[in-house]
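Hello,

Here is the structure I promised to pass on. Have a look at it first, and then read on for what turned up.

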Amino acid sequence: MHRDRIGTSPLLPPQAFDVRFTHMTESGKEAREAEVSGGGPLVVLENVNKYYGELHVLKDIDLTIHRGEVVVVIGPSGGGKSTLCRTINRLEPIDGGTIRIDGKALPEEGKALAQLRADVGMVFQSFNLFAHKTILQNVTLGPIKVRKTDKTEAEQRAMELLERVGIASQAEKYPAQLSGGQQQRAAIARALAMRPKVMLFDEPTSALDPEMVKEVLDVMINLAAEGMTMVVVTHEMGFARASANKVVFMADGQIVEENTPGEFFTNARSDRAKDFLSKILTH
């Protein structure tokens with residue numbers, strides 16, 4: 001069961017929120033907002049529909065994600081959040097509508113799809129590292145096999161990324177020798193090694209013990225501050241408030257509300273969002 005982590009009721013003033021996520025400075029956030037406003041759309045979903053048999057899991061989804069924008073997708077379980085995230089790199093094929101990345105329609109299959117996936121980094125809740133390969137090998141595999149990067153160059157880049165996420169000393173270890181938080185940071189480094197245009201995070205902290213959550217969120221906060229385009233499905237409301245440019249609230253397969261974090265958490269418009277927010281308290 002997922003737990004929504006927040007310091008107190010999201011209907012309270014901004015200062016009531018968990019202070020763990022406030023270390024992106026206001027000037028840094030303003031600079032990124034200016035960057036986003038001039039960045040143009042990178043990911044565009046128009047009238048996207050998805051079915052599992054008779055179950056209609058995505059209903060006429062329209063969503064535009066700009067370059068440098070951090071979009072956090074929240075909502076009740078079963079609302080379509082993860083499915084939405086997974087359609088952006090076609091891990092889940094859609095049944096109607098269009099998805100464009102950097103102006104190009106999502107390919108259906110083949111080499112073009114593989115090339116697009118190289119531009120779209122994905123971080124799952126279950127890490128998905130290769131157990132029989134070292135952390136360094138996990139990070140270099142994609143660049144060598146897909147990007148055709150020279151091994152020495154790939155390893156140098158991998159070590160820089162492992163240093164960036166704070167686990168360079170674990171490079172020669174295998175995933176089973178690392179904590180959950182370290183494995184997830186390795187998974188983030190692996191995705192970054194492909195030099196993606198956009199990063200997708202599908203509930204990246206939900207499988208972690210509480211004490212490991214912050215170390216992963218810190219990496220994500222730094223990525224956001226550096227201008228990485230990110231789509232984050234999460235139950236971490238403090239992260240949503242501190243790092244998102246836009247909060248997308250989903251329920252019953254639809255985007256019910258879309259707003260800035262400040263407006264959404266203190267002045268939600270829809271009754272469905274207000275009901276959701278009223279329930280996510282820390283007990």
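One aromatic cluster is made up of F249, F264, F265 and F276. This is a predicted model, where local features need pLDDT of at least 70, side-chain atom pairs count only at pLDDT 80 or more, and totals for chains, interfaces and linings use all residues. Numbering runs from 1 along each chain as its sequence is written, and side-chain values use heavy atoms, with hydrogens and water left out.

There are three aromatic pairs in the structure (ring centres of Phe, Tyr or Trp, the latter by its six-membered ring, within 6.5 Å; planes under 30 degrees apart are stacked, over 60 edge-to-face, the rest tilted). Among them is the tilted pair of F249 and F264, at 5.9 Å centre to centre with 35° between the planes. It joins strand β9 (residues 246–251) to helix α9 (residues 261–267), 15 residues apart (DSSP runs numbered from the N terminus: helices H or I, at least four residues; strands E, at least two). F249 and F264 are both buried, meaning under 20% relative accessible area with a 1.4 Å probe, protein chains only. F249 also forms a tilted pair with F276, at 5.2 Å and 50°. Here β9 is linked to helix α10 (residues 271–279), 27 residues apart, and F276 is buried too.

As for the sheet, six strands form an open one in the order β6-β7-β8-β3-β9-β10, with mixed pairing (at least two DSSP bridges between two strands). Its edge strands are β6 (120–123) and β10 (254–259).

Enjoy exploring it!

How values were computed: Buried < 20%, exposed > 50% of the residue type's maximum accessible area, 1.4 Å probe, protein only.
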